[in-house]
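Work through the exercises below with the structure open. Try each task before you read its solution.

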2 protein chains.
Amino acid sequence: MSTIKYHEPGRGVSAVDGTNKAKIERAAVWLFAEHGVDGVSTKSISQQAGVSEGLLYRYFKNKDTLARELMRAIHIRLTEMIMAASAREEGLADQVSFIVRHYCEIADDDWTLFRYHILHLHHFPALSDAPAGEWPNSPHMAAVKLLQKAMDGGAMPKGDASLLSAMALGVVLHPAQAKVLGAIDGPLSAHIPAFEAGVFAVLGLKQKEEV
Amino acid sequence: MSTIKYHEPGRGVSAVDGTNKAKIERAAVWLFAEHGVDGVSTKSISQQAGVSEGLLYRYFKNKDTLARELMRAIHIRLTEMIMAASAREEGLADQVSFIVRHYCEIADDDWTLFRYHILHLHHFPALSDAPAGEWPNSPHMAAVKLLQKAMDGGAMPKGDASLLSAMALGVVLHPAQAKVLGAIDGPLSAHIPAFEAGVFAVLGLKQKEEV
DNA sequence: GATAAGTGAGTAATCACTCATTTATAGCGT
DNA sequence: ACGCTATAAATGAGTGATTACTCACTTATC
């Protein structure tokens with residue numbers, strides 16, 4: 001696990017080593033987050049990375065593959081985090097707290113990559129459409145499965161798991177979007193207690209008492 | 001006011017008349033929502049609209065102006081709706097219900113334009129940054145002012161109005177995003193009761209009793 | 001000396017935008 | 001009705017700039 005870092009253009013992604021491949025990825029994710037995949041030229045990526053344009057094509061088949069691999073990295077990280085929460089045995093409240101906390105920490109850990117995810121996921125329908133088979137392939141579908149299991153087990157009243165999941169995620173993700181637009185500042189983690197309270201309220205769970 | 005219509009490529013925007021200008025706007029908003037401003041060529045807009053490429057420049061200075069005018073239309077419509085809610089005198093609960101209901105109805109009324117707004121607002125920093133002066137210039141800032149007034153008047157406990165506003169809006173807007181990605185279907189208006197309950201819960205308001 | 005890493009000029013396609021030209025519309029005296 | 005004219009609406013080939021990507025080549029590494 002990495003230490004927490006903010007805002008600097010393009011930390012994280014792959015290991016923060018000094019290889020040219022990592023330089024390209026860090027430059028690309030920063031530019032993609034800022035301008036969108038179609039708003040960024042391969043030339044600008046190579047310039048930002050400080051390498052030649054041709055080198056991009058030694059490590060990535062084409063621009064779209066580069067953009068998709070970066071998106072997949074954060075998409076999978078978030079999905080697996082929610083699946084990990086789902087596997088915990090301490091009850092629904094614990095699972096929800098786990099997700100809220102780790103969502104914020106993943107966002108803060110590599111804010112550039114996270115920003116790329118929330119702003120441009122829709123550019124990759126194959127990642128986000130997610131009709132989903134046995135394994136959830138998106139954060140949303142993983143959360144739906146978690147809530148469905150809780151409903152089936154009687155831990156919360158039955159309802160539209162997909163809708164409730166979207167509402168609960170929105171309590172965290174829209175503030176994240178507001179942070180992108182400059183309407184909120186500081187790390188997301190600073191607001192974990194507020195997010196927890198909000199998500200608990202939306203799901204109709206009893207707030208755990210203060211300490 | 002117009003009748004409710006769904007999904008068809010590019011209804012709404014300006015009046016749904018048959019003028020070439022309206023044809024261009026409808027084609028553009030559909031393509032911009034689908035592929036982003038930078039992912040759409042002026043040629044493709046003119047083809048989708050069934051006019052020549054040169055005609056675009058009789059009605060709009062350039063591609064970016066066209067994209068910005070369309071975004072401004074929905075951005076202002078949503079902002080003014082929230083300001084209208086703010087002017088109502090029936091109390092905070094009534095204002096919140098008003099906003100939730102009208103947000104859904106505006107989205108359903110011109111889903112293509114609304115989709116363009118939630119997916120690509122960040123492409124226009126000048127519209128979304130909104131440090132805001134006396135008059136709120138974004139839905140978020142309008143909602144913040146409403147909540148701040150409610151807090152000052154003792155209608156709800158004091159807190160971070162900007163954060164709470166983002167959380168509350170997220171209860172409606174993230175499901176809207178989920179609908180864009182195909183994880184939720186049907187008109188947003190179908191979920192108004194659930195959204196109201198969620199927003200009330202996030203804001204710590206008493207749910208009005210069932211009828 | 002062999003393989004891998006890295007370069008950047010070159011290519012055909014596409015881009016946003018212009019402008020000389022053509023087509024449609026409107027007004028008006030007869 | 002009709003022709004004549006002035007203006008507005010609409011066209012699409014043409015412009016230089018930029019695009020994603022290739023490849024013959026040079027440089028570094030073992």
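Contact here means heavy atoms within 4.5 Å. Keep in mind that this is a predicted model.

**Exercise 1. Find the contacts of B:Tyr116, leaving out residues up to four places away in sequence.**

Solution. 
- Step 1. Select B:Tyr116 and set aside residues up to four places away in sequence.
- Step 2. Look for what remains in touch. B:Tyr116 touches B:Val29, B:Phe32, B:Ala33, B:Val37, B:Ala67, B:Leu70, B:Met71, B:Leu121 and B:Phe124.
- Step 3. The largest one has 146 residues. B:Tyr116 is one of those that touch the most other members, along with A:Phe32, A:Ile45, A:Phe114, A:Tyr116, B:Phe32 and B:Phe114.

**Exercise 2. Describe how chain A and chain B meet.**

Solution. 
- Step 1. Count the residues. Chain A brings 32 residues into contact with 32 residues of chain B.
- Step 2. Take the area. About 2,600 Å² is buried between the two chains. Carbon and sulfur atoms give 70% of that area.
- Step 3. Check for salt bridges. Between chain A and chain B there are 0.
- Step 4. Check polar contacts, with both residues at pLDDT 80 or more. There are 2 such residue pairs between the chains.

**Exercise 3. Work out which residues surround DNA strand D, and which atoms they meet.**

Solution. 
- Step 1. Count the surrounding residues. There are 14, and the closest are A:Thr42, A:Lys63, B:Asn20, B:Ser52 and B:Tyr59.
- Step 2. Sort them by class. This surface has 5 nonpolar, 6 polar and 3 charged residues.
- Step 3. Of its atoms within 4 Å of the protein, 59% belong to sugar or phosphate and the rest to bases.
- Step 4. Find a contact to a base. A polar side-chain atom of A:Glu53 lies 3.2 Å from a base nitrogen.
- Step 5. Find contacts to phosphate oxygens. A:Lys63 reaches one with a polar side-chain atom at 2.8 Å. B:Ser52 has a backbone N or O atom 2.8 Å from a phosphate oxygen.

Methods. Residues are numbered from 1 along each chain as its sequence is written. Chains are lettered from A and ligands numbered from 1 in the order in which they are written. Side-chain values use heavy atoms; hydrogens and water are left out. A nonpolar core is a set of buried Ala, Val, Leu, Ile, Met, Phe, Trp, Tyr and Cys residues joined through side-chain atoms within 4.5 Å. Buried means under 20% relative accessible area, exposed over 50%, partly exposed in between (1.4 Å probe, protein chains only). A residue is near a molecule or strand if one of its heavy atoms lies within 4 Å of it. A polar contact is a pair of N or O atoms within 3.5 Å; within protein, one must be able to donate a hydrogen and the other to accept it, and residues adjacent in sequence count only if both atoms are side-chain atoms. Ala, Val, Leu, Ile, Met, Phe, Trp, Tyr, Cys and Pro count as nonpolar, Asp, Glu, Lys and Arg as charged, and the others, Gly among them, as polar. Buried area is the accessible area (1.4 Å probe) that two parts lose on being put together, summed over both. A salt bridge is a side-chain nitrogen of Lys or Arg within 4 Å of a carboxyl oxygen of Asp or Glu.
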